[in-house]
Amino acid sequence: MTLTSPPTPAFDGAVLCGGASRRMGRDKATLVLDGRPLAVRVADELGAAGALRVEAVGGDAEALVRAGLTHRPDRWPGDGPLGGIVTALEGPGAEIVVVASCDLLAPDRGALRRVAEVLAATGADVAVPVVSGRAQWLHAAWHRRVAGLLADVFDAGERSVAGATLGLRVATVVELPDGAVRDADRPEDLPDWPTPSPSAPRIGAVQVPAIDVAALRQHLDEGAPLVDVREPDEYAEVRAPGARLVPLGEVPDRLGEIPTDQTVYVICRSGGRSARAVEYLRANGVDAVNVTGGTLAWVESGAPVESGS
């Protein structure tokens, strides 16, 4: 007897495009990778997976339509992905809707089709992949019948997608590869994040020298420059005095603003983003040094701070 795969159920697709993209520093939905905006890449894979109709939900309507996508305004713009999911489920269409984030780096038609198949086969309210022990709620298939329930939960103040599903029948999909759900939150997550200029001086494998906040304080007292690579909202909340804001995503474009005639100290929240920035800067001829522990350590040390934009 020959075994055949079950037929692909009828489903629609939705690409969530309304995120604030604070860590990326620019709109992720329209960010171009391999010649196509990220949102278009996801929409194309949904179509190839068998979606009858694909919409972009939220985000920059004009830019998304210009990119060739059908757009639906998010009912609650700027209020998180749960509102976008509710928006995608409302209205007529196929009973199943596969809702995916716009920032998937390698959207996979087989993986997108699979969540729809599991939902149809189990009769659940939502089918969610679990990859490396984490539920991937922004790569899930939803039944339209839960739109009203999710809207009620949202109106009651819930903003977590996982929290909103506590009363639903949830089917898990465990066989998807990690790459199918990998997304891009920060510039360094992108495979084409700018690499050091070929003409710039390089330092072997590019070592990342570091100092602690006590040493930083002494250097700042001597007039050394400090670059803060966090996002504007983090910078406005609290920072070391005199720190100059250059968000990590803007470092390649603003390389010419960084001094090359003296040592530059680089700080972020805890030392991770600043280490990435230091690696890039040193490969491009800047004598940059990372601040271990970052702004958290600076504040904990009792050193003076500034706030405000």
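## Working chat on a predicted model

A: Helix α9 (residues 272-283) lies across β14 (264-267) and β15, and its direction is at about 175° to that of β15. The model we are looking at is predicted.

Q: Okay, and what sheet do β14 and β15 sit in, in what order?

A: They belong to an open sheet of five strands, ordered β11-β15-β14-β12-β13, in which the pairing is parallel.

Q: Which strands are at the edges?

A: The edge strands are β11 (210-211) and β13 (244-245), each of which pairs on one side only.

Q: Buried or exposed?

A: Arg-230 counts as buried, because its relative accessibility is 3%, and the cut-off for buried is under 20%.

Q: How many salt bridges does the whole structure have?

A: The search of the whole structure finds 21 salt bridges. One of them is between Lys-28 and Asp-103, where the closest N and O atoms are 2.7 Å apart.

Q: What does the Lys-28 and Asp-103 pair tie together?

A: Lys-28 lies in the loop between β1 (11-16) and β2 (32-33), while Asp-103 lies in the loop between β6 (96-101) and α4 (109-122), so the pair ties together parts that are 75 residues apart in sequence. Both Lys-28 and Asp-103 are buried.

Q: What about Asp-44 and Arg-36?

A: Their side chains also meet in a salt bridge, at 2.8 Å from N to O. Asp-44 counts as partly exposed because its relative accessibility is 37%, and Arg-36 is likewise partly exposed, with a relative accessible area of 33%.

Q: Which residue does Arg-72 form a salt bridge with?

A: Arg-72 forms a salt bridge with Glu-55, and the closest N and O atoms are 3.1 Å apart. Since Arg-72 lies in strand β5 (residues 71-72) and Glu-55 in strand β4 (residues 54-57), the pair ties together parts that are 17 residues apart in sequence. Both Arg-72 and Glu-55 are buried.

Q: Which residues are joined into a network by salt bridges that share partners?

A: Arg-244, Glu-250, Arg-254 and Glu-257 are joined into one network in that way.

Q: Which strands does β7 pair with?

A: Strand β7 pairs with β10 (residues 170-173) in the parallel sense over four bridges, with Ala-127 and Ala-171 as bridge partners. Two bridges join β7 to β9 (residues 139-143) in an antiparallel arrangement, where Val-126 stands opposite Trp-142. The pairing of β7 with β8 (residues 134-135) is antiparallel over two bridges, and there Val-130 has Ala-135 as its bridge partner.

Q: What happens at Ser-132 in the hairpin of β7 and β8?

A: That hairpin has two residues between the strands, and Ser-132 takes a positive phi near 55°.

Q: Last topic, how many residues are in the largest nonpolar core, and which touch the most other members?

A: The largest nonpolar core has 34 residues, of which Val-15, Cys-17, Ala-39 and Val-98 touch the most other members. The elements giving two or more residues to this core are β1, α1 (38-49), β6, α4, β7 and β10.

Q: What is Val-98 in contact with, beyond four places in sequence?

A: Leaving aside neighbours within four places, Val-98 is in contact with residues including Phe-11, Gly-13, Leu-46, Leu-112, Val-115 and Ala-141.

How values were computed:
Residues numbered from 1 in each chain as written. Predicted model: local features only at pLDDT ≥ 70, side-chain atom pairs only at ≥ 80, totals over all residues. Heavy atoms only, no water. Buried < 20%, exposed > 50% of the residue type's maximum accessible area, 1.4 Å probe, protein only. Salt bridge = Lys/Arg side-chain N within 4 Å of Asp/Glu carboxyl O. Pairing = 2+ DSSP bridges. Core = buried A, V, L, I, M, F, W, Y, C linked by side-chain atoms within 4.5 Å. Contact = heavy atoms within 4.5 Å. Axes fitted to C-alpha atoms, helices over the stretch in contact; angles between N-to-C directions.
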